[in-house]
Amino acid sequence: MRAGEAADLVLRGATVLDPAAGIDGAHDVVIRDGRIAELAAPGSAPEDSAESVDAGGLHAFPAFFDPHVHLRTPGQEHKEDIETGTRAAAAGGFCGILAMANTAPPVSTAADVAALRERARAEASVPVAFLATVTRGMEGRELTEMAELRQAGALGFSDDGLPIASARVMRRALQYQRLCGGTIALHEEDPELSGEGVMHEGAVSAALGLAGIPSVSESTMIARDATLAAYEGGRIHVQHLSAAESVEAVRAARAAGVEVSCEVTPHHLCLTDEQVRGLDASRAKMNPPLRADADRQALIAGLRDGTIECIATDHAPHAPEDKEVPFEGAAMGVTGLETAFAALHTDLVVPGAIDLALLVERMGGGAEPFGLERPSLAPGSEANVALCDLAAEWTVGEDGYESRSHNSWCAGRKLTGRVLMTIAGGQVSYRLRSFSLGVAS
């Protein structure tokens, strides 16, 4: 069904860290028939026909789950497709991803969902779930047949890339959700406030003479939709938080009993609008935009205290001609699947802003808001493992990318920490080429 080697192996002497399962220590990780058979004492796993991997000095984590990925299929396969996008996910240590519906055409019918699921079964390196649009054609006016889409296998709904500007349409979607289930994932932006903005509204936008997007364009929509969700008894997931006011809006909604979850991207945790001064759209233009350092610090605080329960890359591949134009006219979005763990380890864990256990927990947290089981290393669990070398230093893009697009927000950066092997859905889906030297059969 998916490309990869059957996982029947032993990771010997790995430092195993699974905060959600309460596992932290050195073990031989024994994998049989694609499941975690045993966490044995280091060196105690029997020598048998299973492949043996010398994992001494390496860390084994539950593989990550990304609830926000753009695979560009159908219609824009020159940017990315299911095969290349899931290869990138595997290289980043992800065992599953959730694909957005803003394709060309958008995923708005049961036939669209069925075709994508069939294609993923044939082409994907890691399991892929799909969202369908909330409104037909993402036009914001008429709801899709949400119950039919759910029956076809859509995990939930999102018009990501565009906000649901009409409160009336949003309310009707929440009413429909009560009948069919499925989380509604929201790109929160008031287009009346964001206007023609291309970056965060602040001192940097003023200095560059670029139209700005105020942070309240995001936070006010979060407050609106949380109020509607509370009124209708709905369930919402707020995508890619970027502003301090947004963290407060989610925190207040949750305190009031609203069923709301949220995510944050690596680039919003690591960068600020100062990055835009170079006017490199490939690295610094996205929506929502990079904001001020006070916003970045608020996002980190929200990650720490659990207001933000998961990290999502918002992996958004673009062709060079979409990005290599003046900043104002460039497409929004950056790639991030292959670098998410390493970048956050480098910029947040190594300096002490967050600890390693928190990073690992939040990188698996994106499954639960959509009703999926969190990846685990507990014995009996399906084998979903990211084997990492925390000391490895590497330069992003130096050896190319698994993704078809190269608009990485940290292209050319030296990072510390690298995924060497990923086991996803019980299969070896990725192994760094140079890591083969450390394996003995």
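Is C262 buried or exposed in this structure? C262 is buried, at 0% relative accessibility. By buried I mean under 20% relative accessible area, with exposed being over 50% and partly exposed in between, using a 1.4 Å probe and protein chains only.

Hi everyone, a word on the ground rules. This is a predicted model, where local features need pLDDT of at least 70, side-chain atom pairs count only at pLDDT 80 or more, and totals for chains, interfaces and linings use all residues. Residues are numbered from 1 along each chain as its sequence is written, and side-chain values use heavy atoms, with hydrogens and water left out.

How confident is the predictor? pLDDT is its confidence in each residue, from 0 to 100. The mean pLDDT here is 96, and 97% of the residues reach 70 or more. Over residues 437–441, though, the pLDDT is below 50, and this stretch has eight contacts in the model beyond near neighbours in sequence. A contact means heavy atoms within 4.5 Å.

Back to the cysteines. A disulfide is a covalent bond between the sulfur atoms of two cysteines. Here the test is a pair of cysteine sulfur atoms within 2.5 Å. The structure holds zero disulfides. For C262, the nearest cysteine sulfur belongs to C310 and is 7.0 Å away. C410 is buried as well, with a relative accessible area of 0%.

Now some helices. Helices are DSSP runs of H or I with at least four residues, strands are runs of E with at least two, and both are numbered from the N terminus. Helix α8 has 12 residues, 244–255. The expected span is 1.5 Å times one less than the number of residues.

Which residues of α8 are buried? They are S246, V247, A249, V250 and A253. An α-helix has 3.6 residues a turn, so residues three or four places apart point the same way. The cover over the buried residues of α8 includes α7, β15 and α11.

Compare that with helix α13, residues 340–349. Nine of its 10 residues are buried, so α13 is largely enclosed by the rest of the structure. Among them are F341, H345 and L348.

Next, the backbone. Most residues other than glycine have a negative phi, and most peptide bonds are trans. R72, in the loop between β7 and α1, has a positive phi near 65°, and R72 is buried at 7%. In that loop we also find P74, joined to T73 by a cis peptide bond with omega of about 10°. Another cis bond joins A104 and P105, with omega of about 5°. H240 has a positive phi of about 30° although it is not a glycine, and it sits in the loop between β14 and α8.

Last stop: T135, in the loop between β9 and α3. T135 is buried, at 0%, and touches residues including S108, D159 and V169.

Technical notes:
pLDDT = per-residue confidence, 0-100.
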